[in-house]
Amino acid sequence: MTSAAPTSEARLLVVDDEPHIRELLATSLRFAGFEVHAAADGNGAMRLAREVQPDLMVLDVMLPDMDGFTVTRRLRDSGQHVPVLFLTARDNTSDKVTGLTVGGDDYVTKPFSLEEVVARIRAVLRRTQAERSADDAAVLRVADLELDEDSHDVRRGRRTIELSPTEFKLLRYLMLNAGRVLSKAQILDHVWEYDWGGDANIVESYISYLRRKVDAPAASADGAPTVPLIHTKRGVGYVLRLPPGTS
């Protein structure tokens, strides 16, 4: 009698145009207990993503036919919201912000340690699997702002707000802690589950993006201006609440 094949921890898609890096990652991740598929370019990544439906993509930013950001945008536009861990040789804040803006979940800079890659993969999987398996999905409300955890819809009054996956996670964390000042370190830990080496510019950038959408000066249903909900406590952090004296 033959024994059953061991169940893999998750199905991964590794995308890198450098053969030795692609093979090293694929072999190491298989050894760590993952099922691994590999592609060498963006078109191959999109084809395999459709075919194998991975639980997570490890995606190099610099590819020969299109960059990893374009791959992610095209997958998101086609309705495929697979979590993405970006790999890149470029270590600057603008690349990190771009990667997260298009819907990436984490970011590793080359050269990297295999232990770090595995740890970050598992952190992203824990977060995304917990979100998918949540049974008590609810609508969060603060003033006229609503966030539907089931449909991922966000509304301010009668206005629908389009958010990237990371912006949604950030807004959800602020709403769950409405009235409480959250430090940049707390936001990094709970939204990205990694401290980015202390790079607080990521938080500042995303708070700015969120303000433009949530607190946009569009008129409300009764013609009154939008009341700002996202506030900065200088030297401390950020808080989502109505301004004092409003209701």
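**Close-up views of a predicted model**

F86 and Y107 are both buried (under 20% relative accessible area; exposed is over 50%, and partly exposed lies in between, with a 1.4 Å probe and protein chains only). The model is predicted, with local features requiring pLDDT of at least 70 and side-chain atom pairs pLDDT 80 or more, while totals for chains, interfaces and linings use all residues. Residues are numbered from 1 along each chain as its sequence is written, and side-chain values use heavy atoms, leaving out hydrogens and water.

**View 1. The whole chain has eight helices and eleven strands.** Helices (H or I, at least four residues) and strands (E, at least two) are DSSP runs numbered from the N terminus. Of the 247 residues, 46% count as buried. Among contacts (heavy atoms within 4.5 Å) between residues at least 6 apart in sequence, 57% join residues at least 24 apart.

**View 2. F69, F86 and Y107 form one aromatic cluster.** The whole structure contains three aromatic pairs; rings of Phe, Tyr and Trp (its six-membered ring) pair if their centres lie within 6.5 Å, and planes under 30 degrees apart count as stacked, over 60 as edge-to-face and the rest as tilted. F69 and F86 are edge-to-face, at 5.2 Å centre to centre and 75 degrees between the planes. F69 belongs to helix α3 (residues 68-77) and F86 to strand β4 (residues 84-88), so this pair ties together parts 17 residues apart in sequence. The relative accessible area is 6% for F69 and 0% for F86. The rings of F86 and Y107 have centres 6.5 Å apart and planes at 55 degrees, so that pair is tilted. Y107 lies in strand β5 (residues 106-109), so its pair with F86 in β4 links parts 21 residues apart in sequence.

**View 3. Four strands form an open antiparallel sheet in the order β6-β7-β8-β9.** Two strands pair if DSSP finds at least two bridges between them. The edges are β6 (139-142) and β9 (159-161), each with a single partner strand, so one side of each has no neighbour in the sheet. Neighbouring strands are turned by 20 degrees against each other on average, direction ignored. Strands β7 (residues 145-148) and β8 (residues 154-156) pair over three bridges, and L145 stands opposite R156 in β8.

**View 4. Helix α6 packs on this sheet, touching β6, β7 and β8.** The direction of α6 makes about 115 degrees with that of β7; axes are lines fitted to C-alpha atoms, for helices over the stretch in contact, and angles run from 0 to 180 degrees between N-to-C directions. Helix α8 lies across β7, β8 and β9, running at about 160 degrees to β9.

**View 5. Helices α6 (residues 165-176) and α8 (residues 201-214) pack with their axes 10 Å apart.** The angle is about 85 degrees, and the two helices are therefore roughly perpendicular (65 to 115 degrees; under 35 counts as roughly parallel, over 145 as roughly antiparallel and the rest as oblique). T166, E167, L170, L171 and L174 in α6 meet Y206, I207, Y209, L210, K213 and V214 in α8. By class, this contact has eight nonpolar, one polar and two charged residues (Ala, Val, Leu, Ile, Met, Phe, Trp, Tyr, Cys and Pro are nonpolar, Asp, Glu, Lys and Arg charged, and the others, Gly among them, polar).

**View 6. D148 is placed in strand β7.** D148 is buried, with a relative accessible area of 16%. Not counting residues up to four places away in sequence, D148 touches A138, V139, D153 and F168. The C-alpha atoms of D148 and R172, 24 residues apart along the chain, are separated by 9.3 Å.
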